[in-house]
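Colleague: Please take me through the model shown below, stating each cut-off as it comes up.

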Amino acid sequence: MTKNHVPDVLRIAVAQLNPVVGDIAGNLAKAREARAEAARHGADLILFTELFIAGYPPEDLILKPAFLTACERAVEDLAGETGDGGPGVIIGTPLKRESGTHNSVVVADGGKIIAERYKLDLPNYGEFDEKRVFQPGPEMPGPVNFRGVRIGIPICEDLWGDLGVCETLAESGAEILLVPNGSPYYRGKIDVRQQVVIRQVIETGLPILYANQLGGQDELVFDGASFAISARKTLAFQMSQFEEAVVVTTWKREREGWVCADGPMSKIPEKEEADYRACMLGLRDYVNKNGFKNVVIGLSGGIDSAICAALAVDALGEDRLHAVMMPYRYTTKDSLKDAEDCARALGCRYDIVPIFEPVEGFSHALTQLFEGMSEGITEENLQSRARGTILMAISNKFGSMVVTTGNKSEMSVGYATLYGDMNGGFNPIKDLYKMQVYALSRWRNTHVPPGALGPSGEVIPQHVIDKAPSAELRPDQTDQDSLPPYPMLDDILECLVENEMSVDDIVARGHDRETVHRIEHLLYIAEYKRRQAAPGVKITKKNFGRDRRYPITNRFRDRT
Ligand SMILES: Nc1ncnc2c1ncn2[C@@H]1O[C@H](COP(=O)(O)OP(=O)(O)OC[C@H]2O[C@@H]([n+]3cccc(C(=O)O)c3)[C@H](O)[C@@H]2O)[C@@H](O)[C@H]1O
Ligand SMILES: Nc1ncnc2c1ncn2[C@@H]1O[C@H](COP(=O)(O)OP(=O)(O)OP(=O)(O)O)[C@@H](O)[C@H]1O
Ligand SMILES: NC(=O)CC[C@H](N)C(=O)O
């Protein structure tokens with residue numbers, strides 16, 4: 001220490017933890033445990049993620065006065081506990097003040113709250129809706145003097161937006177920026193975050209520590225991967241992605257400012273692994289946080305239900321998945337074998353429940369009404385609905401949640417039966433196009449991701465990957481009877497959904513205009529189905545959920 005007791009070393013613990021939205025007592029207990037661990041490792045300060053005490057995003061819970069009171073009490077309790085001489089705390093909480101209800105952080109040390117700071121830049125795009133429930137901080141935040149070190153605390157979007165929060169903090173004397181985040185995963189997001197942080201390091205000349213939440217919350221997956229960028233614009237430390245951790249980083253005051261002298265350097269997973277682990281974590285947390293002991297999946301012998309089964313076993317363990325094959329007249333021997341092979345490879349419970357009787361029963365009940373009419377989609381959908389009803393019966397009887405299996409290609413064009421195979425509580429592959437389902441399946445057959453509870457080896461039989469996809473709702477049916485080949489379909493969809501491209505621009509990529517028009521039309525008319533669909537894990541920049549809000553009643557077609 002220097003003569004005036006300003007420290008030359010600061011040990012900052014980063015709590016990359018998985019809170020549960022609304023479980024204030026549970027989140028407080030987690031914070032206490034993390035602080036105790038940080039204390040054991042000699043930390044001076046522990047940094048929690050955005051709105052940690054509430055869980056992020058709390059959405060309209062913020063409108064409940066009782067929720068706000070409970071959050072504030074919890075942080076007051078924690079602040080009181082910092083009188084034990086252990087680490088100080090930076091923790092996120094909503095706070096109702098005269099200037100409004102704010103997305104805030106509380107800084108506590110020596111048994112009391114020493115500062116409050118409010119988020120200025122409220123994100124209101126994509127999955128974010130913060131302007132709906134919060135008011136922005138009334139003024140630019142200044143640095144907080146923590147044991148003689150001037151710390152700037154921009155809150156998440158304060159780093160991304162152009163309100164100049166970081167710049168102002170630097171101008172008003174901040175020596176280091178510690179940023180609590182609630183930043184959800186999408187493919188490639190890590191690079192985007194690093195660019196955002198590097199930009200602010202360049203603007204301010206200060207090192208930035210970026211602490212991100214972990215865990216699944218409905219459609220969102222918070223992937224952690226907290227990191228710091230030094231004032232020299234190099235990666236100072238990197239925490240693991242998709243894993244909870246409390247790490248203590250050591251910062252030293254040098255001539256050029258604060259420098260991270262010690263911190264972890266975790267490896268960040270590549271494309272398929274990252275997507276697979278996001279789907280796994282999203283499913284695991286949805287099931288566990290909502291109190292389901294088990295899940296049930298209709299296992300058809302096709303690729304979608306196979307990868308969902310693999311994800312379920314990896315997320316929950318083989319004893320928590322019940323796979324049910326429900327054959328009908330058009331189910332091939334191959335499908336029966338593929339489903340059984342898949343269940344055997346995964347080690348889960350497997351049952352066969354034929355649907356002849358329910359389908360024939362419905363058909364019989366409708367014979368008179370449908371007399372003289374030809375068979376078609378109605379009869380195909382009866383098969384899907386019989387299966388959906390059986391899965392829901394198993395769900396009701398055993399308390400197991402139905403995992404629904406529609407991929408993004410199908411959800412885009414409405415290639416799924418409402419109240420049939422769309423039945424279910426959660427869909428781990430909802431934001432994966434069909435070609436991505438194949439890529440992840442191949443990847444899983446040669447890798448076991450960290451934290452997965454499933455076995456190694458070929459858990460998705462190669463034959464399932466090689467054969468032509470089919471709904472098997474009529475003889476010799478394949479998906480390509482009514483849809484363009486998946487590589488083409490997926491490219492057109494990505495252009496329309498993720499990139500909001502014009503039909504002309506999509507045609508310029510080499511696609512047939514009539515096909516693009518047809519896919520655009522199918523995409524628009526399936527909106528009503530998606531509004532009734534189960535939530536699923538967000539993997540892309542634009543998922544079918546809060547990211548994309550199209551009207552159901554919509555006559556617009558791009559015909560320029
Ligand atoms: N705008 C709107 N708002 C509210 N409701 C609307 C609606 N438009 C239609 N509807 C209703 O929806 C009904 C049609 O929807 P629905 O009953 O689902 O049936 P529909 O979409 O006509 O048929 C299901 C399609 O999915 C395919 N499929 C089914 C099962 C599995 C797979 C697969 O491979 O994964 C594919 C199947 O081959 C067929 O092409 C209409 O009868 C009407 O009642
Ligand atoms: N014979 C079956 N037994 C059990 N479940 C089935 C059966 N057929 C369909 N399903 C369920 O309905 C979903 C829709 O599947 P369908 O076979 O119609 O086409 P898909 O979307 O290509 O799916 P998959 O690739 O899993 O076959 C399947 O993922 C599965 O969960
Ligand atoms: N919670 C936030 O403010 C997050 C916003 C930011 N753009 C992100 O995705 O990380």
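## Ligand shells and their surroundings

Colleague: What pLDDT do local features need here?

Modeller: Residues are numbered from 1 along each chain as its sequence is written, while chains are lettered from A and ligands numbered from 1 in the order in which they are written. This is a predicted model, in which totals for chains, interfaces and linings use all residues, side-chain atom pairs count only at pLDDT 80 or more, and local features need pLDDT of at least 70.

Colleague: Is Ser-300 buried or exposed?

Modeller: Ser-300 lies in the loop between β16 (295-298) and α7 (303-316); here helices (H or I, at least four residues) and strands (E, at least two) are DSSP runs, numbered from the N terminus. A residue is buried if 20 or more other C-beta atoms lie within 10 Å of its own, exposed if 12 or fewer, and partly exposed in between, with C-beta atoms placed from the backbone. Because 27 other C-beta atoms lie within 10 Å of Ser-300, this residue is buried.

Colleague: For the UniProt "binding site" that lists Gly-298 and Thr-405, which other residues are listed?

Modeller: UniProt positions are given in the numbering used here, feature names are shortened, and annotations may be inferred rather than shown by experiment. Besides Gly-298 and Thr-405, the unreviewed entry lists Leu-299, Ser-300, Gly-301, Gly-302, Ile-303, Asp-304 and Ser-305.

Colleague: What is the largest C-alpha distance among the residues of that annotation?

Modeller: The residues listed in UniProt run from Gly-298 to Thr-405. Although they are spread over 108 residues of sequence, they cluster in space, and the largest C-alpha distance is 12.4 Å.

Colleague: Which element gives the most to the shell around ligand 2?

Modeller: A residue counts as near a molecule if its C-beta atom, placed from the backbone, lies within 6 Å of it, and of the 20 residues around ligand 2, Gly-298, Ser-300, Gly-302, Ser-305 and Ala-471 come nearest. β16, α7 and β17 (321-325) each supply at least two residues of this shell. With three residues, the element that gives the most is α7.

Colleague: How many charged residues are in the shell around ligand 1?

Modeller: Around ligand 1 there are 17 residues, the closest being Ser-384, Thr-417, Leu-418, Ala-471 and Tyr-528, and the largest share, four residues, comes from helix α10 (residues 377-398). Ala, Val, Leu, Ile, Met, Phe, Trp, Tyr, Cys and Pro count as nonpolar, Asp, Glu, Lys and Arg as charged, and the others, Gly among them, as polar. On that basis the shell has eight nonpolar and five polar residues, and the number of charged ones is four.

Colleague: How many C-beta neighbours inside 10 Å does Glu-410 have?

Modeller: A UniProt "binding site" annotation from an unreviewed entry covers Asn-381, Glu-410 and Lys-529. Glu-410 lies in helix α11 (residues 408-413), and, not counting residues up to four places away in sequence, Glu-410 touches Tyr-415 and Ala-416. Glu-410 counts as buried because its C-beta neighbours inside 10 Å number 25.

Colleague: In which helix is Lys-529 placed?

Modeller: Lys-529 is buried, with 20 other C-beta atoms within 10 Å. Not counting residues up to four places away in sequence, Lys-529 touches Gly-414, Ala-416, Leu-418 and Met-422. The place of Lys-529, at residues 527-531, is in helix α17.

Colleague: How far apart are the end C-alpha atoms of α6?

Modeller: α6 is largely enclosed by the rest of the structure, because 14 of its 19 residues are buried. The expected span of a helix is 1.5 Å times one less than its number of residues. For the 19 residues of α6 (residues 271-289) this gives 27 Å, which agrees with the distance between the end C-alpha atoms, 27 Å.

Technical notes: Two residues are in contact if their C-beta atoms, placed from the backbone, lie within 7 Å.
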